[in-house]
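Dear colleague,

Please find the structure below, handed over for your records. My notes on what was found in it follow directly after.

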Amino acid sequence: MSGSAGGPDEEGLRHAGARRYAADWARSVRRLGFVPLSADETERLLLLHTVRLAQAIRADVFTPQPAREVGRSLVEAHLTEPRVLDWSVHALGARFLAEVLPGQRDVPDAADRVAALQGALAAGFAGALRDRTFTQQERIARSAWQARDDVEQALRDSEARFRAVFTGAAIGIGIAGTDGQIIDVNQSFADMLGYTPAELRETNVAALFHVNDAAGMWELYQDLVTGRHDAVRVEKRYHRKDGSVVWTDLAVSLIRHDDGRPRFTVAMIEDITDRHELQQRLRFQALHDPLTGLPNRTLFFETLGGLFAQAAPEHRVGICFLDLDGFKAINDSLGHDLGDRLLVVIAQRLANCVAEHGHLVARMGGDEFVILVDGGDADRAVGVAETALTAVAAPVHVAGQQLAVSASIGIVDCAVGETSVSELMKAADTTLYWAKAEGRGRWAVYDPERGARDIARSALVASLPAALERGEFVVHYQPIVSLLDSTMVAVEALVRWQHPELGLLGPDAFIGLAEETGLIVQLGRWVLGRSCRDAHAWLTGYPEARLVVSVNLAARQAEDPEIVATVAEALATSGLPADLLQMELTESAVMGTAGEPLRSLHRLADLGVRLAIDDFGTGYSNLAYLRKLPIHSLKLAGPFVEGIRADGPDSPAGHRDERIVDALVRLAHAVELWVTAEAVETAVQAERLRALRCDTGQGRFFGAPVPADEITARLRGDR
């Protein structure tokens, strides 16, 4: 054989036999172990190795080196399963010549060459596997050494960083054992408490605790060092070495052993003394009056609310709600600056007069103060109120002026379980107004029944406007009878409130409220319109009666610039003649009338409307003044007539009342005024009034106020 024939022969080796051998080799390799190559890639690789082995057998000069390289190549291709080597060696000996080199048995010493190739293949495979193992071991060792070096360097870096942070941190850092013994502290920690680091390393953390630390602070630390908590954060104070106090924000973390047992604690502490003092100042400012320095309403309600939350239901609480009398006049006349200085003096007096008893004094705003009496009874609260009034009443010297000051106090005392904070203060406010209504320098004690009446009154005030819109008001009429012939000549219109819950309410229950709220003008307009329509109906049905309807005119209505237009509109709308309408004004409303109200009365009279003075004799009027007013009649006040009824004409009191009535009737007739007697309830009264020449009478003897249809029935003669 010659090497020159290698080229063509190499191509010839790629015949079907070599491919079958390589395919079998590939299938066996994939069946025996993991192969990182695809099936085609594996077959192509093993075909190349088959060709190299065949070429080695046919070479003129034999060398087993190609088989050694094939063995190494198998390892490099990661075909390292031992059974792959076993199959490869056996197949090379048993099948190779028959399948790959058929007809080549004439190759000299072919069998010996195959045997040499088998050994070389196994040697190359083993050598490559050994080399790879050594390489991997060296790489692993080198990696382990590098990892150890990296860990050691990281530890050194971490220690350096920790030491840099520990030493240079602006906040204090301390490390202590679970027994509380300090192991190490940084300079900031030592400076904060005024010690040296060496002194603190000889100290137990328990020795640094402040005696007035919040309850549970020590227990919280014990929970930490025993492992029940991993971290705590609190605001606490420490005593510095010089005895001063420093407030700190303290965060303590627990460091554990690998098995979880507590090892030591790391504390980070920040000086927040300035912040704490600022917070305290801000809280004081938020809870105290800036002018007087007294607790303000916020602190008062916090204290009162806490008392209600903690005290037993039977525990009693007293409130003295104080308001200076006439303080607005002082402010307006002397100026707000002097008023403020006066408030400062009063506040100091109030605080001093109850200081020994520990009562809380607070300024609620303006010239209102409140004293909280914790415990005791109503007598104790009254005693506090009297002490406060005495303190306030002493002359006050401010800016070279002597001022006389007084106050009114509302007192409430009750058990905590019987009320709430809001109800208690509402009662105190109500009682204060009771006291002020009685005059200066007085106190009043809360009366639940009176309070209930006030609440009911307030409810009526609130529901008045809606009641008018819903048409809940009705008009009843009381007959006015001629004392000469007992005929009904007029009726007085009296408004009633048909309340949906309280039933029919008389005018005493709501007229005063309507006057206070100004609703009396709107209500009076409605009553006037209703009365004129009813009177026109009576005129239409019973024209011979010429029944006059008398409507009350409140003082605020008389002052209303639109009153004349209102009356004119009611007359025009209803069709009632003006002379059948009489407007009644109280004596106090008429006397002293001037300006527009007086002109309005004259204009009403010019319309033809009759004007009457109601309850005459109870005020301070005189007939000479009445001559200047367009008045047509007087209605004598009921007490004069009641006196005649109660005592009889022969008793001294009855005789005196009768003489007064006689004088009033004579004087009224002298100035040409018609006289009506009110509150006539007996035949004796009616007879005596007739004898005194009183013109008409009104009262239950002649008939109680009734709805319009009953007046109609009376006109018809049914009653």
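Apart from its neighbours within four places in sequence, phenylalanine 125 is in contact with Gly71, Arg72, Leu74, Val75, Leu79, Thr80, Glu81 and Leu85. Please bear in mind that this is a predicted model. Phenylalanine 125 belongs to helix α7, which covers residues 110–168. With a relative accessible area of 3%, phenylalanine 125 is buried. Histidine 536 stands 411 residues from phenylalanine 125 in sequence, and the C-alpha to C-alpha separation of these two residues in space is 137 Å.

Searching the whole structure gave 10 aromatic pairs. One of them joins tyrosine 21 to tryptophan 87 in a tilted arrangement, with 6.4 Å from centre to centre and 45° between the planes. Because tyrosine 21 lies in helix α2 (residues 16–32) and tryptophan 87 in helix α5 (residues 82–94), this pair ties together parts that are 66 residues apart in sequence. Tyrosine 21 has a relative accessibility of 1% and counts as buried; tryptophan 87, at 18%, is buried because the cut-off is under 20% relative accessible area.

Tyrosine 21 also pairs with phenylalanine 96, here edge-to-face, at 5.3 Å centre to centre and with 90° between the planes. Phenylalanine 96 is in helix α6 (residues 96–99) and tyrosine 21 in α2, so this pair ties together parts that are 75 residues apart in sequence. Tyrosine 21 and phenylalanine 96 are both buried. Through ring pairs, Tyr21, Trp25, Trp87 and Phe96 are linked into a cluster.

Helix α2 also packs with helix α3 (residues 39–58): the angle is about 125° and the axes are 8 Å apart. The crossing of α2 and α3 is right-handed. On the α2 side, the residues that meet α3 include Tyr21 and Trp25, together with Ala18, Ala22, Ala26 and Val29. Among their counterparts in α3 are Ala39, Thr42, Leu46, Leu47, His49 and Leu53.

One further item concerns a charge and a ring. The charged end of lysine 236 sits over the ring of tyrosine 238, at 3.7 Å from the ring centre.

With kind regards

How values were computed. Residues are numbered from 1 along each chain as its sequence is written. This is a predicted model: local features need pLDDT of at least 70, side-chain atom pairs count only at pLDDT 80 or more; totals for chains, interfaces and linings use all residues. Side-chain values use heavy atoms; hydrogens and water are left out. Rings of Phe, Tyr and Trp (its six-membered ring) pair if their centres lie within 6.5 Å; planes under 30 degrees apart count as stacked, over 60 as edge-to-face and the rest as tilted. Helices (H or I, at least four residues) and strands (E, at least two) are DSSP runs, numbered from the N terminus. Buried means under 20% relative accessible area, exposed over 50%, partly exposed in between (1.4 Å probe, protein chains only). A charge sits over a ring if NZ of Lys or CZ of Arg is within 6 Å of the ring centre and within 35 degrees of the ring normal. Axes are lines fitted to C-alpha atoms, for helices over the stretch in contact, and angles run from 0 to 180 degrees between N-to-C directions. A crossing is left-handed if the near helix is turned anticlockwise from the far one by less than a right angle, and right-handed if clockwise. Contact means heavy atoms within 4.5 Å.
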